[in-house]
Amino acid sequence: MTIACDVLVIGAGAAGLMCALTAGRRGRQVRVVERANKPGKKILMSGGGRCNFTNTGTGPANFVSANPHFCKSALARYAPADFIDMVDRHGIAWHEKELGQLFCDDSSKQIVRMLLDECADAGVVVDVGCEIHGVVREDEGFRIDTARGRIAAQSLVVASGGLSIPSLGGSGLGYALARQFGHAVLPTRAGLVPLVLTGSHAERLEGLSGVALEVEAESGGQSFRNAMLVTHRGLSGPAILQVSSYWDAGEPIAINLLPGVDALAFLREQRAARPASELRTVLAERMPRRFAQRLCERWLGDRPLRQFDEPALARAAAALSAWPVAASGTEGYRTAEVTLGGVDTDGLSSTTLMSRSVLGLYFIGEVVDVTGWLGGYNFQWAWASGHAAGNAA
Ligand SMILES: Cc1cc2nc3c(=O)[nH]c(=O)nc-3n(C[C@H](O)[C@H](O)[C@H](O)COP(=O)(O)OP(=O)(O)OC[C@H]3O[C@@H](n4cnc5c(N)ncnc54)[C@H](O)[C@@H]3O)c2cc1C
């Protein structure tokens, strides 16, 4: 038996559910097929269980894509305020943490519940625990073979996400379908991911795991001021996760350990005011003591300030403002929050997210080559791209 519907959405994640409820509200018969045993697993895990569901400052500059203009249209037509309206209608309490990041007061479960309630109201059928075996073009639409039988749909929306965290649903299905239908897929790699240090780079930070400090991390022409955390394997924390999306293997990463401070002027001032003080004592007033001590032992010199002549002071200042990190790699998809790269936007309409070559085929959310910064931007892209496709499919 073949089940017929107007719109079949593959993936009951953030983008898929938003697309489904939007298309359902237009009177379309919508079915969502999800391989996992429950919908919205990443939403449930997000934001430490409180889902950083949007960022009020979202703009195109907060996304990484081969075409930085592509995301503009969808983002402009579904703003953070639109999602906040839905959250408010469902009586979900939220708060702003920092930098426009909005979180649920209670639990990310409320966001999944809200999306499922909206889907149910719009008559959407959500089929979980259902694997896709294959998709073919048939007549004017698509035939989808699943573990539960055959589905015929006029429109097919691929919302199967990226490769990150396979246990939460990460899969390559979306890329395979894109290729099958003649779309280019740009190389993928882990984004918003901790960096791994090896050899002498790791040894120099041995024993410091758990130490956190505010830094400005720079790579690939982009810098982020936020916390950095030393881990057992290397470096993490928001500043590092952010910069990881701009870092290419083998490229340098520079960490300003005194963000917002003119390091040379500061050191000169300190030398004049307290020449007998050790450099580590002075730095420990600006960063964790253990980190300051290790910096002086391994990089800057461990002696009183009066023993730093001008060239030595300038070298110390340079190292403090651009502490070089040579990462051997990232922790990879196992811990990455997102997947960079993906379905090439050149083949998609930026207004509807529909394929330019295959009528009725859509790609939305993380499977597309649009990746947000840390801080609610990825969900905003999922909502916006889902909404755009849901209004057209
Ligand atoms: C731990 C973690 C925390 C995060 N926290 C935040 C945050 O607080 N704020 C934020 O903005 N972003 C956050 N992100 C990123 C965000 O979760 C994703 O960018 C977003 O979920 C992408 O939405 P999507 O719908 O495209 O993909 P997903 O949410 O990944 O949904 C894809 C769905 O497709 C399903 N699927 C995959 N393959 C198949 C198949 N073969 N058949 C059927 N179904 C399939 C998957 O099971 C999944 O349910 C976080 C990510 C992680 C991993």
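How many Å apart do the C-alpha centres of domain 1 and domain 2 lie? I looked this up first, and they lie 39 Å apart.

**Ground rules.** I am working with a predicted model, where local features need pLDDT of at least 70, side-chain atom pairs count only at pLDDT 80 or more, and totals for chains, interfaces and linings use all residues. Residues are numbered from 1 along each chain as its sequence is written.

**Domains.** The assignment gives domain 1 as 2-189 + 340-390 and domain 2 as 195-330; such bounds come from an automatic or database domain assignment. I find five residues of domain 1 in contact with four residues of domain 2, contact being C-beta atoms, placed from the backbone, within 7 Å. The side of domain 1 that touches domain 2 has four nonpolar, one polar and no charged residues. For these classes, Ala, Val, Leu, Ile, Met, Phe, Trp, Tyr, Cys and Pro count as nonpolar, Asp, Glu, Lys and Arg as charged, and the others, Gly among them, as polar.

**Around β10.** Helices (H or I, at least four residues) and strands (E, at least two) are DSSP runs numbered from the N terminus, and two strands pair if DSSP finds at least two bridges between them. I followed β10 (residues 149-158) and found eight bridges to β1 (residues 2-10), in the parallel sense. I10 has V158 as its bridge partner there. With β9 (residues 141-146), β10 runs antiparallel over five bridges, and R143 stands opposite A152. A hairpin of two residues joins β9 to β10. I also see β10 running parallel to β20 (residues 361-363), with three bridges; L156 stands opposite L361.

**Core.** Which residues touch the most other members of the largest nonpolar core? I get L8, C19 and V157, out of 115 residues. The core is a set of buried Ala, Val, Leu, Ile, Met, Phe, Trp, Tyr and Cys residues joined through C-beta atoms within 7 Å. Buried is 20 or more other C-beta atoms within 10 Å of a residue's own, exposed is 12 or fewer, and partly exposed is in between, with C-beta atoms placed from the backbone. Domain 1 and domain 2 both give residues to this core, so it lies between them. Leaving out residues up to four places away in sequence, V157 touches V7, V9, I10, C19, Y362, I364, A389 and A393.

**Ligand.** I find 38 residues surrounding the ligand, with G11, G13, G161, G169 and G365 the closest; the cut-off is a C-beta atom, placed from the backbone, within 6 Å. α1 (14-25), α2 (41-45) and α13 (377-390) each supply at least two residues of this shell. α13 has the largest share, with four residues. By class I note 17 nonpolar, 14 polar and seven charged residues.

**The other sheet.** I traced an open, antiparallel sheet of seven strands in the order β17-β16-β13-β14-β15-β12-β18. Its edge strands, β17 (323-325) and β18 (329-330), each pair on one side only. Inside it, β12 (residues 195-196) and β15 (residues 234-236) pair over two bridges, and V196 stands opposite G234.

Most residues other than glycine have a negative phi. I noted C51, not a glycine, with a positive phi of about 50°. C51 is in the loop between α2 and β3 (52-55) and counts as buried because it has 29 C-beta neighbours inside 10 Å. I165 is not a glycine either, and has a positive phi of about 45°. I place I165 in the loop between β10 and α6 (173-180), and I165 is buried, with 20 other C-beta atoms within 10 Å.

Notes. Contact = placed C-beta atoms within 7 Å.
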